[in-house]
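This briefing is for a reader new to the structure shown below.

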Amino acid sequence: MSESPTHPAPAQVGVMLPLDLPVGEVLPYVRRAEELGFDQVWVVEDLGWRGGVAQAATVLAATTNLTVGIGIMPAGARNVAFAAMELATLAQLHPGRIVAGIGHGMPGWMRSVGSWPESPLTLIKEYARALRLLVAGKPGPADGRYVRCEGVVLTEIPDTVPPVILGVRGPKSQAVAGEVADGLLLAEPAAPGYIAASLRNLGPAAADSPEIVVYDAAAVDDDEEAALTRVRAALESVGEPQWAAHIDPLPFAEELRAHRAASPDARHFARTMPAAWVRALSIAGTPAQARAAIDARHAAGATSVVLAPAGPDRLAALDSLARALPHRH
């Protein structure tokens, strides 16, 4: 009999494996992350880059204690029964070290491969419910509009069932996560106000202790201005309409939108953004400032704060980011 999904201990801090990291740096990067004391490494699955399951398997095999998160596997990309087999195998081979993030995928990408559904909400709801049942060794649910695996049962199931969380940003999708998933993955920027608003969206059906993983661009330097400058490029997109859910809960939302409207392009928008906004929308500054930003996200309800290193040298950035880890007090 499989155990219930395990959740990381409170106040976890992870690091993102950059999707564009040269292949020769991948294993040194994740091994260094483990040496430095990060709790988690999260891999990215963006169309045209590297596969999430393959990356997760490699990171798990190359490390000893790190939890590895997949953020995210688009629901329309894989048959749910075969996705469940992949996750169950990872969880069997590396017990208690995998978290599965499921999402819609970017509409443009998914349409380009013919996998964008008429009702994304229906698909992700059916998919997450079926995936959790299958990975736990239970029969697949009744066939739905998109997901058909009724009565399917996996033979090889893990002793510790991995959590399945939804990487979604809209309130309707987050409400679905409260109904059918173990928690949320919030893409960057994930300021405390956005975390709190997302937790409210989960609704009364949510698990008692949902897994709330948040991403944020990060840069740490003894020179605060150097860190803020390094992280600005990662904030170029936050003024675009698709990031409204992240920005709306923040006190400077209207000012930010006005600043974007007045800026000739996204690069100018980010370069001329007030420093206070940069601090709010990232984890950047001195080690003490970055640690305070991590603590604020945990206080808002995040169980895991994942740092996405900003700047050209990602391996060097790891050492800087580690200076903000809680155990470095």
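Ser263 sits in the loop between helices α10 (253-262) and α11 (266-271); helices (H or I, at least four residues) and strands (E, at least two) are DSSP runs, numbered from the N terminus. This is a predicted model, in which local features need pLDDT of at least 70 and side-chain atom pairs count only at pLDDT 80 or more, while totals for chains, interfaces and linings use all residues. Residues are numbered from 1 along each chain as its sequence is written, and side-chain values use heavy atoms, with hydrogens and water left out.

- A polar atom of the Ser263 side chain lies 2.7 Å from the backbone oxygen of His259. A polar contact is a pair of N or O atoms within 3.5 Å; within protein, one must be able to donate a hydrogen and the other to accept it, and residues adjacent in sequence count only if both atoms are side-chain atoms.
- Leaving aside residues up to four places away in sequence, Ser263 touches His268 and Phe269, where contact means heavy atoms within 4.5 Å.

- Strand β4 (residues 98-103) is largely enclosed by the rest of the structure, because 6 of its 6 residues are buried.
- In a regular strand the side chains alternate between the two faces of the sheet.
- On one side of β4 the buried residues are Ile98, Ala100 and Ile102, and on the other they are Val99, Gly101 and Gly103.
- Strand β3 (residues 67-74) runs parallel to β4 and is joined to it by 5 bridges; two strands pair if DSSP finds at least two bridges between them.
- Within this pairing, Val68 stands opposite Ile98.
- From β3 the chain passes through helix α3 (residues 80-93) to β4, in a right-handed β-α-β crossover. Right-handed here means that, with the strands pointing away from the viewer, the path from the first strand over the helix to the second runs clockwise.
- Strand β5 (residues 164-166) also pairs with β4 in the parallel sense, over 3 bridges, and Gly101 has Ile165 as its bridge partner there.

**Helix α3**

- The 14 residues of α3 reach 20 Å from first C-alpha to last, close to the 20 Å expected at 1.5 Å a residue; the expected span is 1.5 Å times one less than the number of residues.
- At the start of α3, a side-chain oxygen of Asn79 comes to within 2.9 Å of the backbone nitrogen of Ala81.
- Buried residues of α3 include Val80, Leu87 and Leu90.
- The buried residues of this helix pack against α2 (52-62), β3, β4 and α5 (120-135).

- In strand β7 (residues 211-220), 10 of the 10 residues are buried.
- Both faces of β7 are covered, with Val213 and Tyr215 among the buried residues on one side and Val214 and Asp216 among those on the other.
- Strand β6 (residues 183-186) pairs with β7 in the parallel sense over 4 bridges, with Leu184 opposite Ile212.
- A right-handed β-α-β unit is made by β6, helix α7 (residues 192-202) and β7.
- Strand β9 (residues 304-309) and β7 pair in the parallel sense over 6 bridges, and Asp216 stands opposite Leu307.
- The parallel pairing of β7 with strand β8 (residues 283-285) has 3 bridges, and Ile283 is the bridge partner of Ala218.

Definitions and conventions. Buried < 20%, exposed > 50% of the residue type's maximum accessible area, 1.4 Å probe, protein only.
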